[in-house]
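Look over the sequence and the model first, then read on.

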There are 2 protein chains.
Amino acid sequence: MEEYAALPLFAGIREEDVGAMLACFRARRGSYRSGEPVCEYDGSCREVGVLLEGTARLVRIDRAGAQTILEHVGPGGVFGEVLGFTSYYGDSVFVVCEEECRVLYLDYAHIMQRCQKACGYHSTLVRNMFALVTDQICSLSRRVEVLSRRSIREKLMSYFAIQAGERGREEFLLPFSLTALADYISTDRSAMMRELRRLREEGLVEITGRRVRLGPGDKAEA
Amino acid sequence: MEEYAALPLFAGIREEDVGAMLACFRARRGSYRSGEPVCEYDGSCREVGVLLEGTARLVRIDRAGAQTILEHVGPGGVFGEVLGFTSYYGDSVFVVCEEECRVLYLDYAHIMQRCQKACGYHSTLVRNMFALVTDQICSLSRRVEVLSRRSIREKLMSYFAIQAGERGREEFLLPFSLTALADYISTDRSAMMRELRRLREEGLVEITGRRVRLGPGDKAEA
DNA sequence: TCTTGATCGTTGCAGATGCAACAGACAATT
DNA sequence: AATTGTCTGTTGCATCTGCAACGATCAAGA
């Protein structure tokens with residue numbers, strides 16, 4: 001129970017209530033190893049997953065085989081087909097385990113149904129879930145922010161600026177590999193590397209491995 | 001009151017409760033004319049807006065003046081800074097009225113606070129809001145779906161396919177002008193027109209004004 | 001009626017980007 | 001030690017795309 005109480009989803013819910021709640025929402029658990037598929041968004045998934053431990057990514061693969069990372073999920077994060085993502089015409093969307101992870105599943109319908117017992121924690125849970133979903137909108141809109149740039153250079157700078165802004169520092173570690181970054185900003189990796197080199201040469205950013213530091217030239221366009 | 005009861009946000013709430021609720025959430029109203037700014041996401045907006053009538057768009061303008069439509073809001077739709085969108089470093093994000101609109105504002109904090117009176121409609125409202133926010137995730141993820149394509153051609157086809165899929169027909173009207181479409185898929189308008197012509201020449205789509213019909217060549221890549 | 005602004009449609013051109021292909025570094029596994 | 005797989009870094013090349021610029025059309029307003 002203690003491990004649940006620490007989750008954002010269960011914030012403000014008394015530990016002694018958690019047990020009842022888990023039963024109420026038909027909780028079940030799952031464990032996955034790196035690279036393993038966690039769940040596929042094929043219309044069958046009616047649950048909300050909460051990541052207790054590990055990391056995962058939400059990925060789309062289209063008919064041509066091109067892969068796009070739609071979202072990253074870390075500990076405490078939620079995912080689920082019911083939370084808004086859908087797949088289209090032959091594209092498949094699914095969650096893949098990155099680092100070994102444990103997942104708690106709750107039944108969506110039971111969360112959203114009005115509870116006959118009028119349990120206090122129920123509305124708290126809904127509010128918490130609301131906050132988590134709002135965070136998702138945030139990260140999606142950041143993604144749109146980046147993707148809507150017209151050139152690789154702008155995409156990179158926009159992405160870096162957002163990262164720096166979020167952490168409040170000019171220097172930070174990329175949360176994933178350069179290969180994955182190319183994927184995230186939806187461009188060709190080699191073209192991205194080329195642009196990255198130019199940015200480095202012009203002193204706009206310093207990049208060593210996954211460490212990124214925004215250079216002084218940053219204010220150029222201000 | 002009747003006009004509110006029809007809103008998705010108030011679904012399942014008894015008409016006689018709406019009055020009390022509006023007071024409870026510090027409701028206020030606003031009217032805007034076409035082109036007028038409705039609200040700016042500058043950190044000051046602590047309310048949720050519900051569109052009673054008309055249409056609006058959520059727009060970002062960056063330092064360089066480039067404009068991007070982040071979202072469309074129709075009657076019954078909700079918007080608000082608290083719902084996840086934020087602006088970064090000099091970019092400004094705001095809602096602009098498209099067609100003359102009337103807006104109902106509710107105070108976000110009051111919605112999310114646990115209600116001392118434990119009014120039944122309160123949790124219903126939260127659940128409804130949840131559904132609306134989930135819809136937003138849906139539309140954002142569709143946007144990402146389109147933007148993450150690597151070429152204008154793929155962006156267009158992806159957008160068309162999503163539109164067709166949503167309405168269940170191969171033929172539909174674009175919800176906005178071609179200029180706005182270029183904006184939505186974040187490409188140069190002239191380049192988009194060029195690609196549109198090629199698609200037409202190859203028989204992949206028929207386009208007359210805003211009317212689009214997916215051609216038989218559609219299955220090409222299947 | 002004339003003007004204004006928005007949308008649509010087109011073109012030339014330079015530079016950016018996607019693609020294919022390759023090689024080295026590194027870690028994990030056999 | 002050999003192997004496998006992933007990540008990084010690079011290059012040549014054909015093509016795509018962004019940009020600037022122009023003209024036509026249309027609707028709304030003065």
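## A sheet in chain B

Which order do the three strands of the open sheet in chain B have? The order is 7-9-8, with antiparallel pairing. Two strands pair if DSSP finds at least two bridges between them. Strands are DSSP runs of E with at least two residues, helices are runs of H or I with at least four, and both are numbered from the N terminus. Strand 7 (171-173) and strand 8 (205-208) of chain B stand at the edges with a single partner strand each, so one side of each has no neighbour in the sheet. Neighbouring strands are turned by 15° against each other on average, direction ignored.

Strand 7 and strand 9 (residues 211-214) of chain B pair in the antiparallel sense over three bridges. B:F172 has B:V212 in strand 9 as its bridge partner. Helix 5 (residues 152-167) of chain B packs on this sheet and touches strand 7, strand 8 and strand 9 of chain B. Its direction makes about 100° with that of strand 7. Axes here are lines fitted to C-alpha atoms, for helices over the stretch in contact, and angles run from 0 to 180 degrees between N-to-C directions.

## How to read the model

This is a predicted model: local features need pLDDT of at least 70, side-chain atom pairs count only at pLDDT 80 or more, and totals for chains, interfaces and linings use all residues. Residues are numbered from 1 along each chain as its sequence is written, chains are lettered from A and ligands numbered from 1 in the order in which they are written, and side-chain values use heavy atoms, leaving out hydrogens and water.

Strand 7 and strand 9 (residues 211-214) of chain A pair over three bridges. A:E171 has A:R213 in strand 9 as its bridge partner.

In chain B, strand 6 (residues 92-107) pairs antiparallel with strand 1 (residues 28-32) over five bridges. There, B:R29 stands opposite B:L104. Strand 2 (residues 37-40) of chain B pairs antiparallel with strand 6 over three bridges, and B:P37 stands opposite B:V96. Strand 3 (residues 47-61) of chain B runs antiparallel to strand 6, joined by 13 bridges. B:A56 has B:C97 as its bridge partner.

In chain A, a salt bridge links A:R102 and A:E53, with the closest N and O atoms 2.8 Å apart. A:R102 lies in strand 6 (residues 92-107) and A:E53 in strand 3 (residues 47-61) of chain A, so the pair ties together parts that are 49 residues apart in sequence. A salt bridge is a side-chain nitrogen of Lys or Arg within 4 Å of a carboxyl oxygen of Asp or Glu. The structure holds 22 of them over all chains.

## Where the chains meet

In chain A, 48 residues are in contact (heavy atoms within 4.5 Å) with 46 residues of chain B. How many salt bridges does the rule find across the interface of chain A and chain B? It finds zero.
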